[in-house]
Structure formats: C-alpha cells, structure tokens
Amino acid sequence: MTSQTGLQAARVCPQHVLERCRELTEPALRTAVHGLHPWPRRMASYALGWCDADGTPQATGGGKGVRRALAVLGAEAVGAPAAAGVAAAVAVELVHAFSLVHDDIMDGDERRRHRQSTWKAFGTGPAVLAGDALFALAVETLAGAEGTDGAAAVRRLTGVLRELMAGQADDLLFETRPWVGPEAVGRSEYEVMAAGKTGSLIGCALTLGPVLAGAPGSTVDALAGAGRHLGAAFQAVDDLLGIWGDPDLTGKPVHADLLRGKKTLPVLAALATDTPAARRLAGLLAAGTPLDPAAARRAARLVEEAGGRDVALAEARRRAAAARACLYGAPLGAAATDELVALSAFLVDRRL
C-alpha cells in the first residue's frame with residue numbers, strides 16, 4: 001500500500017459507506033421478503049430487524065449490513081455500477097439472516113441484537129421455517145439476477161453454503177470435545193472451522209457482484225482471497241467480543257462464549273502457551289462441567305494473562321492486513337478499494 005492510497009482510505013468514513021449501501025439495497029431486500037407467505041414474511045422481517053414479533057414496524061433495521069456493502073463495493077471495484085451488486089447484496093443478506101436464525105436455534109441463544117432471538121419469539125419450528133424461507137429466497141434472488149452470469153453466481157453461492165454448513169457443524173462438534181488432551185481442538189482445526197463458518201460468506205459477498213458483472217476470473221479470485229482473510233479477521237474479533245465485549249453493544253452477556261464452552265481463538269491460543277496461567281486455565285476447564293459466572297470471570301482473566309487476548313487481536317490485524325494486500329494487488333477501482341480498506345479497519349476495530 002502506498003502512503004497516498006493509505007491516506008485516501010483513512011479519509012473514508014465506514015459508517016457512510018455502510019449507510020450508502022444500505023440505502024441502495026434496502027428497497028430490493030424488502031421487495032424480495034414481501035413476496036414470502038405472510039407468516040414466514042413476518043418472522044423474516046423480525047429477524048431482519050424491521051418489526052416487532054407482533055408485526056409492529058421498527059424504524060431501524062438489525063445489523064450493520066457489512067455483507068451487503070461488500071457485495072456492492074465488489075461490483076464497483078471491478079468497474080460495474082453499484083446497481084450491478086444489488087442482487088448479490090440481497091442474496092448474501094438473506095443467507096446471513098438465515099444462518100443467524102438457525103445458529104441461534106442450534107446454540108440455544110435466546111437473545112439477538114438486544115431482543116429475543118427469532119426462535120424464542122416465535123417458537124423453534126416456525127423459526128426453522130423462517131430460516132428455510134430466507135435460504136430459498138436468497139437462491140431465487142440470485143438465479144433471477146439480470147445478465148448472463150446468474151448461473152455462475154448461484155454455483156458460487158451454493159458452494160459457499162456447503163462450506164458454511166461444514167463450519168457450523170465443526171463449531172457444534174467442538175463444544176463436545178475436551179479442552180485438553182489428545183482429543184482437544186487444535187488451532188489448525190479452529191482455523192478451518194472459522195474459514196467455513198465466517199470466511200466463506202464474507203468472501204462470497206465480495207465476489208458475487210463481480211461475478212454477476214462478468215469480471216475476469218483472476219480478479220474474482222483476488223477478491224475472494226481478500227474476503228476470506230477479512231472473514232478470518234471478523235471471526236477473531238467476534239471471539240474477542242464473545243468474552244470481553246460490552247453487553248450493551250453485543251446484545252449478549254459478558255463471557256458468553258466461556259459460559260457456553262465455545263472453542264474460540266483466545267482460549268485455544270492461551271491453552272497452547274507454556275505458562276502458569278495456561279495451566280491454571282486448563283485445570284479450570286478440564287473439569288468438564290459448565291462454568292458459572294464466577295468461574296467464567298476467572299477463566300477470562302487467565303486467558304488474558306496467558307496471552308490469548310493479544311494473540312487473537314494480532315491475528316485479526318494480520319488477516320486484515322492480508323486482505324488489504326490482496327485488494328491493493330488486484331486491478332481494482334481506486335475509490336471502491338479505498339472504501340473496502342476502510343471497512344476492513346472498521347471491522348477489526350469494533351469496540352471490546
């Protein structure tokens with residue numbers, strides 16, 4: 001990255017980028033969801049933050065809209081108009097919503113974005129139906145996109161869905177494995193899981209717009225690499241927030257991942273160190289019983305003392321830098337690239 005491009009990216013406001021992409025894509029997203037059967041439509045609208053459980057409209061939607069922004073910026077980066085990325089943005093936003101609805105069911109999470117998760121508000125069976133509706137609508141939206149590359153985009157999305165489900169399967173299975181010993185989850189296994197669960201969809205978001213726009217394969221591959229690095233950075237920060245995040249910002253209890261026994265990067269990195277804190281942490285976790293809040297607080301302190309927090313933050317920054325290198329090394333439009341770089345910094349610097 002040259003100092004000139006670095007200065008240009010630094011002047012970009014990520015919040016303005018997210019808002020611009022939201023305003024561009026929101027009408028198409030709402031039109032797509034409106035075509036659903038009224039019951040899954042209301043649940044889908046609730047999951048997307050558009051209404052209360054009783055259908056009362058809400059002024060603000062849920063989530064930051066990162067994936068839809070990546071889809072729009074990806075199209076602009078290859079010289080296509082922003083509108084060329086709208087179908088891709090709608091599809092990835094629908095898939096993301098589907099994954100969150102089903103993840104909350106599988107994880108038993110009762111809260112999402114400061115209110116009841118979809119299954120808690122409507123019941124498990126109806127929430128499964130809502131997730132299925134979102135999934136089907138995403139594929140339908142992409143298949144119906146204008147242009148001649150819709151089939152290629154659908155193939156890319158369905159391949160990513162296979163990766164996403166494999167990552168989620170590993171994440172769930174990891175919870176049943178011990179923290180220490182020969183059956184413990186290793187760092188390399190974690191990285192494969194994170195690449196599937198998070199990196200695959202973020203990489204897909206960055207490439208679907210260019211695929212629809214007919215961009216060269218080498219350019220699409222460069223964007224996919226950037227997106228996967230960015231996804232790994234995003235997951236590392238999520239892991240940090242899952243232990244030390246402010247509940248007022250995350251919408252979940254402090255130490256939530258420790259209370260659930262999630263195998264996350266800070267904990268795995270801490271356990272891998274040859275330190276007294278790591279040994280105390282291993283003893284605390286090896287008991288095999290769920291941690292109570294006091295034990296979770298103690299575990300969080302030991303993870304930090306053993307260096308797990310620093311390792312995860314360093315990994316997030318390293319992956320974000322790798323994403324920037326992929327972007328600046330590809331033949332992409334300067335303005336969109338600067339916006340993507342600014343967005344990558346914003347994702348890594350989310351408040352803890």
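**The lining of the largest cavity has seven nonpolar, two polar and no charged residues.** Here Ala, Val, Leu, Ile, Met, Phe, Trp, Tyr, Cys and Pro count as nonpolar, Asp, Glu, Lys and Arg as charged, and the others, Gly among them, as polar. A quick word before the tour: this is a predicted model, where local features need pLDDT of at least 70 and side-chain atom pairs count only at pLDDT 80 or more, while totals for chains, interfaces and linings use all residues. Residues are numbered from 1 along each chain as its sequence is written, and side-chain values use heavy atoms, with hydrogens and water left out. Back to the cavity: its volume is about 40 Å³, and the structure holds one cavity of 30 Å³ or more. Around this space sit Leu70, Leu206, Ala226, Gly227, Leu230, Ala323, Leu327, Leu340 and Ser344. Two or more of these lining residues come from each of α10 (217-244), α16 (308-328) and α17 (334-348), and α10 has the largest share, with three residues. (A cavity is a set of points on a 1 Å grid over the protein atoms alone where a 1.4 Å probe fits but cannot get out; a pocket is an open set with protein on both sides within 12 Å along at least five of seven lines; lining residues have an atom within 4 Å of a point.) Helices (H or I, at least four residues) and strands (E, at least two) are DSSP runs numbered from the N terminus.

**The second largest pocket has a volume of about 260 Å³.** That volume is the space filled by probe spheres set on the grid points, which are joined across faces, edges and corners. The pocket's lining takes in 17 residues, and Trp179, Gly261, Leu285, Gly288 and Thr289 are those nearest its centre. Both α12 (256-260) and α14 give two or more residues to this lining, with α12 giving the most, three residues. Sort the lining by class and you get ten nonpolar, three polar and four charged residues.

**Glu26 and Arg30 pair up in a salt bridge.** Their closest N and O atoms are 3.1 Å apart. (A salt bridge needs a side-chain nitrogen of Lys or Arg within 4 Å of a carboxyl oxygen of Asp or Glu.) About one helical turn separates the two, because they are four residues apart in helix α2 (residues 14-34). Glu26 is buried, at 12% relative accessible area, whereas Arg30 is partly exposed, at 37%. (Buried means under 20% relative accessible area, exposed over 50%, and partly exposed in between, with a 1.4 Å probe and protein chains only.) Across the whole structure there are 21 salt bridges.

**Lys120 and Glu110 form a salt bridge between distant parts of the chain.** The closest N and O atoms of this pair are 3.7 Å apart. Lys120 sits in helix α6 (residues 118-122) and Glu110 in the loop between α5 (86-107) and β1 (111-112), ten residues apart. Lys120 is partly exposed, with a relative accessible area of 35%, and Glu110 is partly exposed too, at 42%.

**A salt bridge joins the side chains of Glu305 and Arg280.** The N to O distance here is 3.1 Å. Glu305 belongs to helix α15 (residues 293-305) and Arg280 to helix α14 (residues 276-285), so this pair ties together parts that are 25 residues apart in sequence. Glu305 is exposed, at 55% relative accessible area, while Arg280 is partly exposed, at 43%. Elsewhere, salt bridges with shared partners join Arg187, Glu191, Glu315, Arg318 and Arg319 into one network.

**Ser117 is a buried residue in a loop.** The loop in question runs between β2 (115-116) and α6.

**Cysteine sulfurs make zero disulfides here.** The rule asks for a pair of cysteine sulfur atoms within 2.5 Å, and by that rule the count is zero. Cys204 is in no disulfide, and the nearest cysteine sulfur, in Cys21, is 16 Å away. Cys204 is also buried, with a relative accessible area of 1%. What about Cys326: how far is its sulfur from the closest cysteine sulfur? The distance is 17 Å, to Cys204, which is too far for a bond. Cys326 is partly exposed, at 25% relative accessible area.
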